[in-house]
Amino acid sequence: MVFLSKVILLALAIGALCVSPSLSFSSGFRVSLKHVDSGKNLTMFQRIKRGMKRGQYRLQRLSGMALAASDSQIEAPIHAGNGEFLMELSIGTPPQSYHAILDTGSDLIWTQCKPCTECYDQPTPIFDPKKSSSFAKISCSDSLCEALPQSTCNDGCEYLYTYGDYSSTQGIMGAETFTFGKVSVPKIGFGCGEDNEGSGFSQGAGLVGLGRGPLSLVSQLKEAKFSYCLISIDDQKTSTLLMGSLASVNTTSNTIKTTPLIKNSLQPAFYYLSLEGISVGGTRLPIKKSTFALQDDGNGGLIIDSGTTITYLEESAFDLVKKAFISKTKLSVDNSGSTGLDLCFTLPSDSTNVEVPTLVFHFEGADLDLPSENYMVGDSSTGLVCLAMGSSSGMSIFGNVQQQNILVLHDLQKETLSFLPTQCDQL
């Protein structure tokens, strides 16, 4: 029996279970992830709107990256930056605790450091390398220094790392002990940023890059696997990042879906997927095969990204998705534009749940049938239910709302990405 529609509840409460981290790095470790809007008294719609606003900055950065990739006149490489989740960790000896923005779209790890030439206000004290007994400068001949897109050699390896909206971090590369939960890892290479400028950084004390490049945490740990499990956007509890052997938890399940990771030599940090089509309400949409294809000049394609709130599809594909939802949803379209989302419907005044069409993303080798709460968001106070997706030009992005309560496993050795439906509060 094929189900063509689903019931979406307008209120969904999800709890979270705190689990102690692993004590041995050799068996992997787990880290709590906190949404940047956690602890604020916001409705789901308000969270989505705030996330979309931040997402516009990220889209601008991605657009700048796509332009730079195809323009030989632009010499300074730029990266995604920003994000929606904060990663809790400690740095130095003795360890100093702070929250850093988790970013699967870039690879540099960095934090603000004293003495500051230009630093933004952050929630925790700025790291002072002189007060840590384990800090050491990285030499100019080190492979991490050589992997930097821009570096100079004066008093050690000095770096400049720029983001797509011309935000940047600049300073000296160091090696330091990082602590994740109860697991300490020595000699992690990171940027000690003394000049940090631009928008979107102030939620945390720096960034932790989880991209595919050599500077990222994943690459430095030489771990072939990592995964994350994101709870619902309206939940106040924490999500989870799993590194190493812990990443594969429960992946023997027959409900797992696996698709190849694609490499883009012009944008090597990103996790590209091959999206072959989309079905709405059981009907495969007539999207051209080339719509989500990665082009020779580095443009186009689809990336999976934890740092973008909603999914953005190339405009022609989104228009077909939008038309299909209008056709198959038995509700009146709301044209007020009050939510900032492209497609909203008016809820019946006497209803606490509504029926919506199914939505399936057909990745290569993996048909991902999303639960309704991962693409339709309802708000009884406004009387609206909306599609949590938008349109983009060029690159498409599979956002974090669509990844809620799914264990997303990256296997960099096999070059695959797997989806496993999971109650992330019970992981």
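Which residues do ring pairs link into a cluster? In this predicted model, the cluster is made up of Phe 29, Phe 127, Phe 135, Phe 178, Phe 180 and Phe 190. Stepping back for a moment, the protein chain has 4 helices and 31 strands. Of its 427 residues, 56% are buried. Looking at contacts with a separation of 6 or more, 71% are between residues 24 or more positions apart. The chain exposes about 17,800 Å², and carbon and sulfur atoms supply 50% of that area.

Now for one of the sheets. Four strands line up in the order β18-β17-β24-β25 to give an open sheet with antiparallel pairing. At its edges sit β18 (283-284) and β25 (366-369), each of which pairs on one side only. Strand β24 (residues 359-363) is joined to β25 by 4 bridges, and the two run antiparallel. Within this pairing, Phe 361 has Leu 368 of β25 as its bridge partner. Helix α4 (residues 315-328) lies across β17 (275-280), β18 and β24, and runs at about 20° to β17.

Phe 361 turns up again among the aromatic rings. The whole structure holds 13 aromatic pairs. One of them is stacked, because the rings of Phe 361 and Phe 363 have planes at 15°, with centres 6.2 Å apart. Phe 361 also pairs with Phe 398, this time edge-to-face, at 5.1 Å centre to centre and 75° between the planes. As for burial, Phe 361 has 0% relative accessibility, so it counts as buried. Phe 398 is buried with a relative accessible area of 0%, and Phe 363 is buried as well.

Methods:
Residues are numbered from 1 along each chain as its sequence is written. This is a predicted model: local features need pLDDT of at least 70, side-chain atom pairs count only at pLDDT 80 or more; totals for chains, interfaces and linings use all residues. Side-chain values use heavy atoms; hydrogens and water are left out. Buried means under 20% relative accessible area, exposed over 50%, partly exposed in between (1.4 Å probe, protein chains only). Contact means heavy atoms within 4.5 Å. Accessible areas come from the Shrake-Rupley method with a 1.4 Å probe; for residues, only the protein chains shown count as cover. Two strands pair if DSSP finds at least two bridges between them. Axes are lines fitted to C-alpha atoms, for helices over the stretch in contact, and angles run from 0 to 180 degrees between N-to-C directions. Rings of Phe, Tyr and Trp (its six-membered ring) pair if their centres lie within 6.5 Å; planes under 30 degrees apart count as stacked, over 60 as edge-to-face and the rest as tilted.
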